[in-house]
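User: I would like to go through this structure with you. Could we begin with the overall fold and then turn to one of the contacts?

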Amino acid sequence: MKIAAVIPARLSSTRFPRKVLLPITGIPMVEHVRRRALMCSSISEVFVATCDEEIADVVRGYGGRVIMTSEKHVNGTSRVAEAITSIDCTHVLLLQGDEPVFLPRHVADLICAATDSPRVDAWNVVAALDSEDELDKSSFVKCAINSKNKILYCFRRTPHFSNFNIQRKFVRKLLGMIVYRKDFLLELNNLPVSLIEDSESIEQMRIIESGYEFRCVEVTPSLPSINVPDEVQIVLDLLEVDKEQQVLLRAVIEA
């Protein structure tokens, strides 16, 4: 297996425009993600895929590698699919550019699972919900899983009527770390946009709706991403108080 990491990034995010260039401790968010990806020893190369020259200039200014992609992409999955056509790899790690506090050890767990079962089509990192309010917080995607770590379906607001203590046994938060077989991602990208994917704005639903094998790797702790402006302070607070995050932040700043 040869795994490349690709970070899709664009300025015109629907819920939070220009967020990938948001300065966090003086460093753009996308650069936080790229530098943490470089800490993952099992990744052969790290790229930022973008259609925006401003993002490309920022990343190149820090010494990063950039692949320019079409302006027509509506999600990160299709942008990464275009980018990997020029990359020599067997698998691709899609790292969302709004996950500035992801843990490299979580990526290691994800890649270990993909290595043990290389014919599984795709793997996604998941984590437990922190509170009942998150069941209906539409800014990030949740999923239902079975006892074999298969992702059954994804949603933004819970479709279940059982109480939180029951739902937390099978509902998980999807984090922005996904491993695909390269050949599968290229195949997936050529399929038509699926109904639920489009109506709910959930990229992963095309995998499920098309009948492919989609599994998860559960990690702790559950970590925030920055999907909307209100979530910025949550990330800043975590960097302030969490010891593991402080160690990684120093490494990012010194890189």
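**Overall fold and a helix contact**

Analyst: This is a predicted model. The secondary structure of the protein consists of 10 helices and 11 strands.

User: And how compact is the protein for its length?

Analyst: The radius of gyration is 17 Å, close to the 18 Å given by the globule rule for 255 residues, so the protein is as compact as a globular protein of that length.

User: What does the C-alpha trace span along the principal axes?

Analyst: The C-alpha trace spans about 50 × 40 × 35 Å along them.

User: What percentage of the residues count as buried?

Analyst: Of the 255 residues, 56% count as buried. The protein exposes about 11,500 Å², and carbon and sulfur atoms supply 51% of that area.

User: What share of the contacts comes from residues 24 or more positions apart?

Analyst: Among contacts with a separation of 6 or more, such residues account for 69%.

User: Changing topic: at what angle do α1 and α10 pack?

Analyst: Helix α1, residues 29–38, packs against helix α10, residues 243–254, at an angle of about 100°. Their axes are 10 Å apart. Because an angle of 65 to 115 degrees counts as roughly perpendicular, α1 is roughly perpendicular to α10.

User: Which residues meet there?

Analyst: From α1, the residues are His-32, Arg-35 and Arg-36. In α10 they meet Gln-245, Leu-248, Leu-249, Val-252 and Ile-253.

User: How does that contact divide by class?

Analyst: The contact of α1 with α10 has four nonpolar, two polar and two charged residues.

Key
Residues are numbered from 1 along each chain as its sequence is written. This is a predicted model: local features need pLDDT of at least 70, side-chain atom pairs count only at pLDDT 80 or more; totals for chains, interfaces and linings use all residues. Side-chain values use heavy atoms; hydrogens and water are left out. Axes are lines fitted to C-alpha atoms, for helices over the stretch in contact, and angles run from 0 to 180 degrees between N-to-C directions. Helices (H or I, at least four residues) and strands (E, at least two) are DSSP runs, numbered from the N terminus. Angles under 35 degrees count as roughly parallel, over 145 as roughly antiparallel, 65 to 115 as roughly perpendicular and the rest as oblique. Contact means heavy atoms within 4.5 Å. Ala, Val, Leu, Ile, Met, Phe, Trp, Tyr, Cys and Pro count as nonpolar, Asp, Glu, Lys and Arg as charged, and the others, Gly among them, as polar. The radius of gyration is taken over C-alpha atoms; the globule rule is 2.2 Å times the number of residues to the power 0.38. Buried means under 20% relative accessible area, exposed over 50%, partly exposed in between (1.4 Å probe, protein chains only). Accessible areas come from the Shrake-Rupley method with a 1.4 Å probe; for residues, only the protein chains shown count as cover.
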